[in-house]
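Subject: The two-chain model, with notes

Hi,

Here is the structure I promised to pass on.

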Amino acid sequence: MAPESPPPLRPIEFEILLTLAGGERHGYAILQETEERSQGTLRLETGTMYRALRRLVEAGLARPTERRQPDPQDDERRRYYAITAEGRRAAELEALRLSRLVAAARSARLLPLGT
Amino acid sequence: MSRDTRERIVTRLYRGLLHLYPESFRQGYGDDMAETFIDGWREARRGGTARALTFTMRAMLDALLNGARERLHDTTPRSRMLYWQDVRYATRLLLRSPGFTLLTVVVLGGGLALSIFTYSFLHTAMLRPLPLGEGAGIVRVMATRGVETQSIDAVALAEVRRGATTLTHMGAYRTRDIVVGRADGRRVVDATETEPNLFQLTRTPAAMGRTLLPADAEPGAEPVIVLSWRTWEVAFGTDSSVVNSRVDIDGVPTRVVGVMPPGYGFPVASETWIPLPNAVLATTEAGTTSFDVYARLRAGVTAAAAQTEVGTLMARAMAAIDTTSSARTEAVSAAIQSFPMAQMGETGPLFLAILNGLATLILLLALVNVTNLLLARANERVRETAVRLALGASRARLLAQGMWESVLICLMGGALGTVLATWGLRAITTWTRAHLERNMAFWWVWDIDRTTLLAAGGFITVSIAAVGGIVAMRAAATNVNAVLQDGGTRSGSRRDGRLARALVATQVSTVTVLMFFGVMAGLVARRVVTFDPGYDTHNLLQTSIAPEGSRYASATSRRVLYQSVVDGMAQWPEVDGVLLRAGLAEIRSAEGAFELAGRAVTPTGAPTAHVQGVLGTLGALGIRIEDGRPFDARDAADMAPVVLLSRALAARHWPGQSPIGQQVRLPGLPEATAWRTVVGVASDVPLGNPLARNRSADAIYLPLSQADANGVSVIFRHRGSAVAAREALNQVVASVDPLLVPSRVQTHEEVQATMGMITVSVARLFAACFGFALLLAVSGTYGLMARAIWQRSREIGVRRALGATDASITRLLLTQGGRQLGVGALVALPLMLVIGAGFTHFFPVAYALAATAGALVTLAIIGVVLLATWVPTRRVLRMGTASVLGRE
């Protein structure tokens with residue numbers, strides 16, 4: 001398989017990369033942002049998310065960064081995760097794939113035009 | 001328990017569960033996961049206990065599922081095959097000992113069933129949002145004075161309604177009995193007199209017709225009623241033409257405008273809804289009337305924020321009212337709770353917390369016992385384990401094998417527990433529907449749901465982690481040399497033996513105490529069911545009225561009200577006697593003390609009696625006048641003060657003579673300090689708390705025309721039609737004071753049946769728990785004794801080789817089992833004495849009965865422990881000397 005066409009991301013991995021594309025996040029922030037974006041319809045469990053993060057880190061699509069304080073008032077520290085250049089490219093390809101699917105669905109009148 | 005402590009406990013629990021993940025994964029992400037978990041837990045905690053509990057359960061189940069999946073991911077095809085081999089090996093082991101498998105699965109399944117059931121019960125009863133459109137936002141608003149919760153004054157409510165920004169759809173309601181129908185088809189139902197916006201609040205349209213409209217509450221509007229589905233079924237035989245037809249409500253023709261969907265009973269168990277007239281709601285005179293209040297939290301507002309705002313508004317409004325009416329000094333504030341939480345009252349959460357604590361304790365005992373049974377079994381295989389280690393098997397492999405047997409037992413126990421809990425939840429729904437029909441909150445529908453499954457998943461995960469972890473670690477810690485040298489019989493250290501003996505003693509004492517408590521609770525329940533009130537309860541109805549202090553500020557105004565009710569009821573041919581009664585003082589209280597004219601106070605202090613204010617016919621309660629005369633028109637407020645005495649009291653203080661004409665004084669009652677003349681003697685009726693041991697017939701009756709009471713019980717007898725008599729009461733009270741609402745009318749049988757049913761149900765629940773605790777004692781003691789005796793099998797073999805008989809060895813071991821029994825019983829004895837003393841003091845249970853119950857429970861436990869010692873002893877003895885020693 002050509003290097004420019006990696007296998008499609010799993011939905012949960014795409015969700016995480018989508019969140020990390022907005023900047024570095026710690027675990028709980030990823031969970032919260034994913035749930036907010038899906039308007040409560042997608043609720044990730046801690047174990048499911050970290051297993052997906054492990055896959056992303058192993059594939060070089062995300063990387064853990066240093067531990068730091070999420071809140072300056074609070075001395076508790078959290079590990080942050082960041083998207084890598086490969087991760088950004090994989091997410092872009094996935095977004096493109098999904099947009100093609102949406103266009104196909106629209107032309108098959110599964111979606112109303114203009115949505 | 002403080003919030004920090006709770007946080008520490010759940011964090012530790014979660015960190016423990018992370019061991020379900022492979023070590024490599026745990027090292028990389030374990031800390032991050034624990035931090036993410038605690039962030040989520042804190043957020044859930046801010047949303048209330050229910051959310052925090054649900055979050056914890058989800059996290060546990062997540063750890064179990066994802067831990068297993070990650071382990072599968074982490075393995076090579078070869079190791080996956082080894083896993084599969086281990087599972088098959090563990091399955092074979094379990095199938096080889098069906099009795100052992102059944103016992104462990106039943107013990108663990110029972111413990112899990114109790115925990116899942118009680119957690120799900122608690123969640124549905126108190127924590128689950130109302131099953132209505134966005135039910136989580138619907139709240140009950142109450143006024144509080146100190147620890148007392150009360151309804152909200154109409155004028156204060158208007159102020160709060162104007163100022164509250166945190167609440168929407170605020171509305172007032174009150175509940176009462178109404179009589180629906182005509183002539184022989186009449187039926188008493190619960191009615192909620194409410195503002196029409198109640199239906200918008202709950203976002204529930206009518207199933208047929210319409211709900212209430214604002215125009216229905218306007219002055220002069222046609223009287224209308226909305227029926228619940230159940231009332232439509234029961235009272236109108238599912239007649240679909242009932243909508244828009246007219247029915248009599250308390251004798252007034254009223255149009256039925258709609259029927260609500262099945263299962264709808266908001267606010268609690270409403271059977272009908274009628275409009276609360278705007279004129280009543282718009283009262284401008286403070287203290288005239290008060291209401292219960294519902295509302296919806298505005299989006300994004302927490303109950304705590306709304307409580308702060310409403311509390312401030314309420315305090316301000318009540319401060320203005322209090323200057324003109326009552327002189328109560330406690331600060332007024334507000335309480336905002338969900339309807340389920342408010343319905344449980346103050347003691348409900350405590351009771352449910354105790355029940356959950358008990359269930360957790362039993363689950364803990366079950367886990368300890370199953371662990372011990374598995375350890376006892378592992379002991380039997382210790383030589384095989386050692387040989388495999390010596391032949392080069394890795395400890396990790398042995399650890400995994402040790403785990404699987406526990407995992408399979410926990411999964412089977414979990415399945416059994418979930419099935420049993422589901423059955424229990426459905427049974428309790430059916431039972432409450434059948435027995436508590438009119439008292440059932442509409443959200444009390446227990447069944448298997450997401451929360452129950454989450455709870456099951458959470459408890460099973462903890463069980464696997466606890467049982468599997470310990471058993472596997474013990475298997476992996478096998479000392480090869482020691483086992484191969486002595487066959488494992490001495491490999492258990494002396495400390496192990498001591499620990500096992502201590503565990504047996506602890507089990508004996510715990511189960512003895514639990515069983516004794518259960519038996520005593522059963523005895524009390526039996527007394528409640530067979531309770532004799534001491535008077536004829538045939539055709540007897542009872543209710544109460546409590547006039548508002550502000551509208552009935554003086555004793556005279558209250559007397560006029562009470563007299564009007566008695567006179568009005570007497571006009572109705574359906575009513576065969578009415579008695580208004582108020583308990584003014586209890587026996588053995590300072591208020592109940594009395595003095596006799598011409599007699600010195602005894603060294604032990606003034607005698608006491610139950611003091612009751614009465615108005616109407618004592619005969620309504622079955623009390624006869626045996627000497628002298630009853631109260632009559634001669635005993636008005638401005639006439640000579642008089643009393644009636646009970647026969648028991650008269651006989652105690654004037655034995656063999658009539659007390660008529662004697663004088664008594666009640667210095668403890670401010671309104672009755674004058675000397676009073678005895679004008680009659682009434683037959684005895686036991687008075688006081690029906691469940692108290694100190695019920696007594698010593699009574700002094702005062703005419704309510706010469707005493708004062710803020711509220712009275714109304715006891716009346718009907719002539720065959722209870723419905724007609726209830727309608728008479730409603731009409732009389734409405735004609736005397738339209739704002740006065742009597743409490744629900746109940747027959748004596750209903751009061752006793754409800755009290756008895758609840759007591760018996762609680763006792764049965766305890767009995768089930770304690771019955772299971774007994775099973776735990778059997779299995780636990782057996783497991784521990786089996787382990788201990790197995791470790792002594794070499795010693796037993798040597799004793800037999802030296803000529804000891806089986807009988808003497810059995811005696812020896814039973815004696816040693818008896819020692820642990822003695823220690824356990826000694827520990828249990830003081831606790832049993834405390835429990836026995838408590839029950840005999842507070843409930844009508846005789847000392848001899850309590851002592852007999854204690855002795856029987858102890859005998860039962862002795863039998864159980866001796867049996868649990870005898871069975872493994874027989875097993876070892878059956879092996880034969882050569883076989884035991886040959887293993888060396």
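Asp635(B) and Arg629(B) form a salt bridge, with 2.9 Å between the closest N and O atoms; the term stands for a side-chain nitrogen of Lys or Arg within 4 Å of a carboxyl oxygen of Asp or Glu. Asp635(B) and Arg629(B) are both buried (under 20% relative accessible area; exposed is over 50% and partly exposed is in between, with a 1.4 Å probe and protein chains only).

A word on the ground rules: this is a predicted model, where local features need pLDDT of at least 70 and side-chain atom pairs count only at pLDDT 80 or more, while totals for chains, interfaces and linings use all residues. Residues are numbered from 1 along each chain as its sequence is written, chains are lettered from A and ligands numbered from 1 in the order in which they are written, and side-chain values use heavy atoms, with hydrogens and water left out.

Two within chain A are worth a look. Glu94(A) meets Arg97(A) at 2.6 Å, N to O. Both residues sit in helix α4 (residues 85-107) of chain A, three residues apart, which is about one turn of the helix (helices are DSSP runs of H or I with at least four residues, strands are runs of E with at least two, and both are numbered from the N terminus). Glu94(A) counts as buried because its relative accessibility is 5%, whereas Arg97(A), at 32%, counts as partly exposed. The other bridge joins Arg10(A) to Glu13(A), with the closest N and O atoms 3.8 Å apart. Here Arg10(A) is partly exposed at 45% relative accessibility, and Glu13(A) is buried at 8%.

Now to where the chains meet. Contact here means heavy atoms within 4.5 Å, and 20 residues of chain B are in contact with 21 residues of chain A. The buried area between them is about 1900 Å², and carbon and sulfur atoms give 44% of it; this is the accessible area (1.4 Å probe) that two parts lose on being put together, summed over both. Tyr29(B), Thr36(B) and Arg58(B) supply 29% of the area that chain B buries against chain A, more than any other three residues.

How many salt bridges cross this interface? The rule finds five between chain B and chain A. One of them pairs Arg79(A) with Asp32(B), the closest N and O atoms being 3.3 Å apart. α2(B) gives the most, with 11 residues.

Last come the aromatic rings. Rings of Phe, Tyr and Trp (its six-membered ring) pair if their centres lie within 6.5 Å, and planes under 30 degrees apart count as stacked, over 60 as edge-to-face and the rest as tilted. There are 20 such pairs over all chains. Phe266(B) and Tyr294(B) make an edge-to-face pair, 6.1 Å centre to centre with 70° between the planes. Phe266(B) lies in the loop between β9 (252-259) and β10 (272-275) of chain B and Tyr294(B) in strand β11 (residues 290-297) of chain B, so the pair ties together parts 28 residues apart in sequence. Both residues, Phe266(B) and Tyr294(B), are buried.

Best wishes
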